[in-house]
Amino acid sequence: MASLNMTQIRTGNFSSGFALNCTKKVHAVPTRIGFKVFASETQGVSTGPDLSVTVNGLHMPNPFVIGSGPPGTNYTVMKRAFDEGWGAVIAKTVSLDAAKVINVTPRYARLRAGGTNGSAKGEIIGWENIELISDRPLETMLKEFKQLKEEYPDRVLIASIMEEYNKADWEELIDRVEQTGVDALEINFSCPHGMPERKMGAAVGQDCALLEEVCGWINAKATVPVWAKMTPNITDISQPARVALSSGCEGVAAINTIMSVMGINLSTLRPEPCVEGYSTPGGYSAKAVHPIALGKVMSIAKMMKSEFDSDNYTLSAIGGVETGGDAAEFILLGANTVQVCTGVMMHGYGLVKKLSAELKDFMEKHNFTSIEDFRGASLQYFTTHTDLVQRQQEAIRQRKAIKKGLQSDKDWTGDGFVKETESMVSN
């Protein structure tokens, strides 16, 4: 296992120097290289592809990270994650005053394939939660962070933090959390429910001017790497991601959960999850969000590739990961790490072994020896629809190929509608 030399290197100040208009294209300015964790590997016999990654100077045995939420809610479960072999753990989000956080039960609802809302049959494909951030006292969480770093000095522990719109509070929270020895900070700019009502979470991530200001406070104070966790509940996720990186963050994480209503119970006529007959919109996750997450991650990755130095800025992908193949897709789009939260809630902490084995199988199939061998390899194949049309027209001209499927909307027929649809599906 790697041994780590915890060293801090400050190489410059933060500045953003760009307009607050979220729609304006912004190019990166010099930012902190900052905190580095140097790892020395013990050389051994190769056992196939190498899953280890180094992200913002943090060495991880694999790219699989426990996403902030119930799987990182206390010492016991975070210890379990390290023991099972997760590459890193992001703890459940903390703030200064946990007394303001009051959760309800039930707070989860599930969607199953092939069943009506609330069905007990079928594979779980969707998961909604109305859970808030940690309701445990900050001092308790800080004590457990410190204990974990003492017991697992060579493993990466990341604190997820969120605070109200107050510079002094953010500075105090960062200072207290960093004193525990955590390796990095993930800033929750994306919780879609509860917290935005107090100008927290997604309320910041959806407002680029506010986001720039708060990122400025955070990055002026922090001495460890900072990741900004992005909300998908926005038209163009690359815009706040650009703001976060240009304001000093070393990385972005995406996506957090998607605002949703899981469904209405057709027997009781009440929404789910149902609390005393009532509910509230919550965050949607699990397998059903994976294609949406891929699209959002692709958008951020393309922006980062064109505007930022990939050696100093990183991307942590989140959304519906339950297999090694799911993870490979994110890495092919440019992700450095892959976070899993709901998957652990459904399958347990041992899931990391399955993910690692399946990712290695994928790598062996393509003769990849490291994550970097294929990271971002598929990003180049995304273009505009106009370009697709031009490419196909050119291919037809060059190969005299017959275009698959219908040539025009006028060719659709009522009787052959299903077959005509199938003729234009690629997989």
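Biologist: How are the residues numbered, and which pLDDT do local features need?

Modeller: Residues count from 1 along each chain as its sequence is written. The model is predicted, side-chain atom pairs count only at pLDDT 80 or more, totals for chains, interfaces and linings use all residues, side-chain values use heavy atoms with hydrogens and water left out, and local features need pLDDT of at least 70.

Biologist: How many helices and strands are there in the chain?

Modeller: Both are DSSP runs numbered from the N terminus: helices are H or I with at least four residues, and strands are E with at least two. On that basis the chain has 12 helices and 18 strands.

Biologist: What percentage of the residues in the chain is buried?

Modeller: Buried means under 20% relative accessible area, exposed means over 50%, and partly exposed is in between, with a 1.4 Å probe and protein chains only. The chain has 427 residues, and the buried share is 51%.

Biologist: What share of the contacts with a separation of 6 or more comes from residues 24 or more positions apart?

Modeller: A contact here means heavy atoms within 4.5 Å. Among contacts in the chain with a separation of 6 or more, the share from residues 24 or more positions apart is 72%.

Biologist: Which residues are in contact with Ile 161, leaving aside its neighbours within four places in sequence?

Modeller: Ile 161 belongs to that largest core. Leaving aside those neighbours, its contacts are Thr 93, Val 94, Trp 170, Leu 173, Ile 174, Val 177, Leu 185, Glu 186, Ile 187 and Asn 188.

Biologist: Is helix 6 enclosed or open, and what covers its buried residues?

Modeller: Helix 6 (residues 238-246) has nine of its nine residues buried, so it is largely enclosed by the rest of the structure. Just after helix 6, Gly 248 has a positive phi of about 115°. The cover over its buried residues includes helix 4 (202-205), helix 5 (208-221), strand 11 (226-229), strand 12 (251-254) and helix 7.

Biologist: How do helix 5 and helix 6 pack, and which residues meet?

Modeller: Their axes are 9 Å apart and the packing angle is about 25°. That makes helix 5 roughly parallel to helix 6, because angles under 35 degrees count as roughly parallel, over 145 as roughly antiparallel, 65 to 115 as roughly perpendicular and the rest as oblique. Axes are lines fitted to C-alpha atoms, for helices over the stretch in contact, with angles from 0 to 180 degrees between N-to-C directions. From helix 5 come Cys 208, Leu 211, Glu 212 and Cys 215, and they meet Gln 239, Pro 240, Val 243 and Ala 244 in helix 6.

Biologist: Which residues make the contact between helix 2 and helix 3?

Modeller: The axes of helix 2 (residues 138-151) and helix 3 (residues 167-178) cross at roughly 35° and come within 9 Å. Helix 2 brings Leu 138, Glu 139 and Leu 142, while helix 3 brings Leu 173, Arg 176 and Val 177.

Biologist: Is Ala 286 buried or exposed?

Modeller: Ala 286 lies in the loop between strand 16 and helix 7. Its phi is positive, about 85°, although it is not a glycine. Its relative accessibility is 4%, so Ala 286 counts as buried.

Biologist: Is Asn 367 buried or exposed?

Modeller: Asn 367 is in the loop between helix 10 (351-365) and helix 11 (385-399). Its phi is positive too, near 60°. Its relative accessibility is 68%, so Asn 367 counts as exposed.

Terms used: Core = buried A, V, L, I, M, F, W, Y, C linked by side-chain atoms within 4.5 Å.
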